[in-house]
Amino acid sequence: MAPAKKSETHEETEFGGAIGAAIIMVFSHVLVYYLWISSAYYNGAAMYPTSTSDIVPFLQRMWNHIVDGALPTLRSASIYIGFLLFELLLAYTMPGVWSKGFPVPSEGNKQHSYLCNGAWSWYVTLILAFTLHYTGLFRLDELADQRGSMLTIAVIVADGTAVLTYILTLARGMATRLSGNHVYDFFMGAILNPRIGRVDLKFFTEIRVSGMLLFMLSLPAAVKHYELCGYVSWA
C-alpha cells in the first residue's frame with residue numbers, strides 16, 4: 001500500500017474561486033434568515049424594498065426581526081446541542097451494518113469503515129420524542145416557538161465546527177487538495193474524511209442530523225398548527 005499523502009495542491013478552482021466561495025458563504029447565511037423572517041413574520045411572502053428610498057428602512061426592519069425573534073438563548077442552545085449530542089451518542093452505540101467506503105488515493109487508498117445504524121437511531125429518536133411530548137416533559141411545539149433562536153444556534157455551531165475542523169486539519173498536517181487561498185480552501189474543505197472516533201462528520205451532519213432535524217422541525221409545526229386551529233393544514 002502506498003504511503004498516504006499528507007497534503008497536495010491543485011491549481012483549478014470551482015464556484016468562481018475565492019470570490020465566488022466568499023459570496024456563496026455570505027449569501028447562504030443571509031438566505032436562511034430571509035426565509036425564516038418570511039415564514040415567521042410575512043406568512044411566507046417574498047420581502048423586498050418598495051423603492052430605493054426604502055432600502056435602508058427595509059434592512060433595518062429585517063435586522064429588527066432578527067433581534068426580536070432570533071437571538072440565541074440558553075434554552076434554545078440546550079435543545080439544539082442536546083439533540084446533536086444525543087444523535088452522536090446514537091451514532092456510536094446503535095447496532096447497524098458496517099460498510100467500507102471507496103479507497104481514498106490521497107490517504108494511500110485507505111478504505112474508511114462506516115457504521116450504518118441510521119434506522120435504529122431514527123426509531124429511538126421517534127420513541128423518545130413521542131415520550132417526552134406525551135408526558136409533558138418536553139412538548140414538541142416548543143421547537144416551533146424556538147425556531148428563530150435555534151436557527152442562530154445552529155448557524156453558530158455549524159460555523160464553529162467548520163472553522164475548528166479547518167484549523168485542526170491544517171495544524172495536524174492532514175490537509176489535501178489545497179489551493180493556497182484560505183477562503184477557497186475553507187469553503188471547499190481541507191480534509192476529505194473528518195471523523196470523531198468512528199463517526200464520519202460529513203456522514204453525520206449531512207445525512208443524520210439534517211434529515212432528522214428536518215422532520216423534528218416539521219412535526220412541531222403541525223402540532224402547533226393543530227393547537228392553534230384545531231386541524232393540520234396541507235398548505
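Colleague: At what angle do H1 and H2 pack, and how far apart are their axes?
Modeller: Helix H1 (residues 17–41) and helix H2 (residues 55–69) pack at about 75°, with axes 10 Å apart. Axes are lines fitted to C-alpha atoms, for helices over the stretch in contact, and angles run from 0 to 180 degrees between N-to-C directions. Helices are DSSP runs of H or I, at least four residues, numbered from the N terminus.

Colleague: Is that roughly parallel or roughly perpendicular?
Modeller: H1 and H2 are therefore roughly perpendicular to each other (65 to 115 degrees; under 35 is roughly parallel, over 145 roughly antiparallel, the rest oblique).

Colleague: Which residues of H1 make the contact?
Modeller: Tyr 33, Trp 36, Ile 37 and Tyr 41. Contact means heavy atoms within 4.5 Å.

Colleague: What kind of model is this?
Modeller: This is a predicted model, where local features need pLDDT of at least 70, side-chain atom pairs count only at pLDDT 80 or more, and totals for chains, interfaces and linings use all residues. Residues are numbered from 1 along each chain as its sequence is written, and side-chain values use heavy atoms, with hydrogens and water left out.

Colleague: Which residues of H1 are buried?
Modeller: Among them are Tyr 33, Trp 36 and Ile 37; buried means under 20% relative accessible area (1.4 Å probe, protein chains only). The cover over the buried residues of H1 includes H2, helix H6 (147–171) and helix H7 (182–188).

Colleague: What comes just after H1?
Modeller: Asn 43, with a positive phi of about 55°.

Colleague: And how do H3 and H8 pack?
Modeller: Helix H3 (residues 74–93) and helix H8 (residues 201–229) pack at about 125°, with axes 11 Å apart. That makes H3 oblique to H8.

Note on methods: Helices (H or I, at least four residues) and strands (E, at least two) are DSSP runs, numbered from the N terminus. Buried means under 20% relative accessible area, exposed over 50%, partly exposed in between (1.4 Å probe, protein chains only).
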